Amino acid sequence: MTSQPQQAWDKNASSSAPVRRRKVLVLGSTGSIGTSAMKVARDIPDRMEIVGLAAQRSVDTLVAQVAETGVKQVCVTDEDAARRARELLPQDVRVFAGNGGLVEIVRESDADMVLVAIVGVAGLAPSLEAIERGMDLAVASKEILVMAGEAVMSSAARKKVSVLPVDSEHNAIFQCLEQRDPSHTRRLLLTASGGPFRKAAAADLEHVTVAQALKHPTWNMGRKITIDSATLFNKGLEMIEAHWLFGVPMSRVDVVVHPQSIVHSMVEFVDNSVLAQLSHSDMCFPIQYAVTWPARVPNNLPPLDFAKLATLHFEAPREDVFPALRLAREAGDAGGTLPAVMNAANEVAVEAFLASRIKFTAIWETVERVMQEHTNVAHPVLDQLVEADAWARRATTRHLA
């Protein structure tokens with residue numbers, strides 16, 4: 001049994017609340033989400049101020065971002081890159097280093113919102129620290145809620161802070177729900193582009209190359225998340241994330257393939273009405289809404305031209321060809337440490353595929369074997385989640401050896 005999921009927002013928040021200028025600490029500032037957040041801050045400077053930045057090793061980009069924003073606190077998790085950052089940045093800019101530095105920069109920041117766009121387990125500890133310090137959390141890293149959805153959402157409820165989704169799909173559902181009672185919801189419908197192999201025969205997937213898998217038809221993303229989109233593990237992780245964000249059982253979270261990526265997700269209600277959120281494929285849209293919520297403010301992003309859209313196409317995912325959705329549903333239903341194990345095993349398998357050491361289909365085959373080996377721990381604390389993640393990485397590496 002999993003615990004009852006919490007809501008993704010503060011139930012007491014009023015839609016008529018005054019708009020404020022958010023002080024935002026961006027963890028993962030040099031990646032695609034982070035650079036989009038920089039664009040949003042430029043677009044709505046009266047609503048958003050970036051007060052801290054964190055990156056892994058892209059020092060040159062980080063230095064340019066510091067020059068633009070004037071922040072006085074940064075974190076670089078790669079130790080060698082952190083030393084270089086200290087040499088290049090002004091002396092009055094404090095540089096935190098390592099994964100521990102992510103927690104330190106949260107602890108020392110005067111931010112009221114932390115935007116987490118770090119891939120992997122590294123984003124979990126600073127997220128929990130942000131919640132403990134009463135900061136709202138804008139979540140762009142799926143792993144946080146996949147690994148520790150129960151802990152994150154229960155902590156957020158206890159501290160009365162908001163957890164706001166930045167993934168385009170979850171942000172769309174967030175907008176469609178508008179704080180409605182979960183009992184009024186029949187299904188959450190996450191849309192998926194289908195990736196580059198939407199129509200590929202199952203037998204052809206055995207021979208997929210890294211270059212082919214990295215050619216996403218819609219979004220420009222990092223290498224790991226692009227491979228996850230090709231396997232549909234990305235959507236599987238999003239199913240678990242939605243389960244925790246919106247207080248909906250896994251059985252009421254579904255996926256529909258929508259190759260145009262204009263409808264970002266939908267909600268079906270008990271009266272058979274369906275609400276959908278539509279916009280161009282640009283991460284600036286959900287980032288802005290997370291920052292300005294519950295208000296909507298003008299921006300310079302392009303509006304939709306429905307006459308040019310012509311048609312919107314939908315189809316069912318091929319779960320028999322892409323088992324990631326089934327594995328994610330199993331992990332989400334089981335709860336405990338199993339989602340963390342699935343996530344870690346997938347990360348290691350994707351790295352092996354990107355290094356051309358395994359076949360494309362071996363990604364989900366390996367993940368399933370590791371999940372079957374795991375002894376699940378219910379209601380885990382942080383240390384148990386970290387250990388489950390480490391165990392899964394060791395087990396996956398052993399399988400791939």
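## Helix packing and sheet of a predicted model

The crossing of H10 and H13 is right-handed, meaning that the near helix is turned clockwise from the far one by less than a right angle. This is a predicted model, in which local features need pLDDT of at least 70 and side-chain atom pairs count only at pLDDT 80 or more, while totals for chains, interfaces and linings use all residues. Residues are numbered from 1 along each chain as its sequence is written, and side-chain values use heavy atoms, with hydrogens and water left out.

**Helix pair**
- The axes of helix H10 (residues 233-246) and helix H13 (residues 324-334) come within 8 Å and cross at roughly 25°, which makes H10 roughly parallel to H13 (angles under 35 degrees count as such).
- The contact (heavy atoms within 4.5 Å) involves residues including Phe-233, Leu-237 and Ile-240 of H10 and Leu-325, Ala-328 and Arg-329 of H13.

**Sheet**
- Seven strands form an open sheet with parallel pairing (at least two DSSP bridges between two strands), in the order S4-S3-S2-S1-S5-S6-S7.
- Strand S4 (94-97) and strand S7 (163-165) stand at the edges with a single partner strand each, so one side of each lacks a neighbour in the sheet.
- Strand S5 (residues 113-116) is joined by four bridges to strand S6 (residues 136-139), the two running parallel, and Met-113 stands opposite Asp-136 in S6.

**Confidence**
- The mean pLDDT (the predictor's confidence in each residue, from 0 to 100) is 92 for the protein, and 95% of its residues reach 70 or more.
- Over residues 1-5 pLDDT stays under 50, and over residues 9-16 pLDDT likewise stays under 50.

Notes:
Axes fitted to C-alpha atoms, helices over the stretch in contact; angles between N-to-C directions. Parallel < 35°, antiparallel > 145°, perpendicular 65-115°, else oblique.
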